[in-house]
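The following report is written for a reader who has the coordinates open and wishes to follow selected features residue by residue. It moves from strand pairing to helix packing, then to loops and the ligand shell.

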Amino acid sequence: METGFWLERWERNQIGFHQDAVNSYLIKHLSELRLRAGGPVFVPLCGKTLDMLWLDEHGYAVLGVELSPLAIESFFKENARRVRCGPAGVFTRWTSGSLEILCGDFFDLSREDLGGAKAVYDRASLIALPTHMRPAYAAHMAGLLPSASRILLVTLEYPEGEMAGPPFSVGEREVGRLYHDWFDIKVLGSTDILAQNPRFRDRGLTRLCEIVYLLVKNSDAGP
Ligand SMILES: C[S@@+](CC[C@H](N)C(=O)[O-])C[C@H]1O[C@@H](n2cnc3c(N)ncnc32)[C@H](O)[C@@H]1O
C-alpha cells in the first residue's frame, strides 16, 4: 500500500483495525518473547494500539513505528500521556517516559534505531501490506534484528478471493515462505473470529481466522 493510502485512512478515521481492548494473544503469549524486566519491545506499524500502553504499564520499554502523525497524536492524547516530540534523522520521535514512537516509514529503520531490541510484537502489519510488499517487509525485519530475536506475529487468514484487502489474507504457508530463511516458525494458536466481526461477513467472508506465530531468529544474517 502506498503511504498516502494509510495517511488518508487516518485522516478519514477509517481505522476498523483498531481494537478497543488489549489483544488477548499478547496477554496470553507475552512470556514467549522472553523479555527481561524493563526490556525493549519493538511494535512495527503500531497505529494507536492499546497493546503499547499495556506493555508500558507492565514495565517494558516500547518502541513503535508508524507512518501517520495523526495516529501517534491520538494515541498520546486519548491515553492522557504527556509527550515530547523532536526530530530523529528521517523520523520524528515522540517520547513519553520509556514509551517511544518513531513517526515515519518502517522501511527507513536501521538496526541502530531499534537500540538492540530483540523482542517484537507485530499485529496486523503483514495483512496491511499487499502481496508484493510482504517479502520486502519480512526481509527488512530480518535485517533489523540480531540472532535469537523473537517475534510474536498475529495475522489473519480467510479464503482467497472472498474479499479485496486490506486486510489481506496471510496464511501459514505464506508466513513460512516469507520468514523461513531467517526464523524458526511455530504456530501458537488460531481462532475463528468471524462471529465477533460481522463487518467482514458483510464484505463476503465465510471464514476468518486470527493466527498467532512465534518466530525465533536462527542466525545473525540479514538479507
Ligand atoms: C492494519 S494497521 C495495524 C495497526 C496496529 N498494529 C494495530 O494492531 O492496531 C497498519 C498500520 O500501519 C501503518 N503503516 C502502513 N505502512 C507503514 C509503513 N511503511 N511504515 C510505518 N507505518 C506504516 C498504517 O498507518 C496503520 O496505522
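Arg 93 stands opposite Leu 102 in strand E5, in a model that is predicted. The pairing to which this couple belongs joins E4 to E5 (residues 99-103) through 5 bridges, and the two strands run antiparallel. Towards the turn, Ser 96 has Leu 99 of E5 as its bridge partner, and the hairpin that E4 and E5 form leaves 2 residues between them, with Gly 97 in the turn adopting a positive phi of about 60 degrees.

A further hairpin involves E4 and strand E3. Here E3 (residues 84-88) and E4 (residues 91-96) are antiparallel and joined by 5 bridges, and Cys 85 is found opposite Trp 94 in E4. Between the strands of this hairpin there are 2 residues, and Gly 89 takes a positive phi near 65 degrees. A positive phi also occurs just after helix H3, where Gly 59 has a value of about 90 degrees.

| Residue | Location | Positive phi |
|---|---|---|
| Gly 89 | hairpin of E3 and E4 | near 65 degrees |
| Gly 97 | turn of E4 and E5 | about 60 degrees |
| Gly 59 | just after H3 | about 90 degrees |

These strands belong to an open sheet of 9 strands with mixed pairing, in the order E3-E4-E5-E2-E1-E6-E7-E9-E8. Its edges are E3 and strand E8 (183-192), each of which pairs on one side only. On average, and with direction ignored, neighbouring strands of the sheet are turned by 20 degrees against each other. Helix H7 (residues 172-179) lies across strand E7 (150-157), E8 and strand E9 (209-217), and runs at about 160 degrees to E8.

Which residues of helix H3 (residues 50-57) are buried? They are Asp 51, Met 52 and Leu 55, and because they cover an arc of only 105 degrees around the axis, they lie on the same side of H3. An α-helix has 3.6 residues a turn, so residues three or four places apart point the same way. The buried residues of H3 pack against helix H2 (24-29), strand E1 (40-43), strand E2 (61-66), E5 and E6.

Ser 110, in the loop between E5 and helix H5 (111-114), is exposed because it has 10 other C-beta atoms within 10 Å. Its C-alpha atom is separated by 9.0 Å from that of His 140, although the two residues are 30 residues apart along the chain. Pro 130, in the loop between strand E6 (119-123) and helix H6 (134-144), is likewise exposed, with 12 other C-beta atoms within 10 Å. Pro 130 and Pro 167 are 37 residues apart in sequence, while their C-alpha atoms are 8.9 Å apart in space.

How many residues surround the ligand, and which are the closest? The shell consists of 18 residues, and the closest are Trp 6, Leu 45, Gly 47, Leu 67 and Phe 106. Divided by class, the shell around the ligand contains 11 nonpolar, 4 polar and 3 charged residues.

Note on methods. Residues numbered from 1 in each chain as written. Predicted model: local features only at pLDDT ≥ 70, side-chain atom pairs only at ≥ 80, totals over all residues. Near = placed C-beta within 6 Å. Nonpolar A, V, L, I, M, F, W, Y, C, P; charged D, E, K, R; others polar. Pairing = 2+ DSSP bridges. Helix = DSSP H or I, 4+ residues; strand = E, 2+ residues; numbered from the N terminus. Axes fitted to C-alpha atoms, helices over the stretch in contact; angles between N-to-C directions. Contact = placed C-beta atoms within 7 Å. Buried ≥ 20, exposed ≤ 12 C-beta atoms within 10 Å, placed from the backbone. Arc of directions from axis to C-beta.
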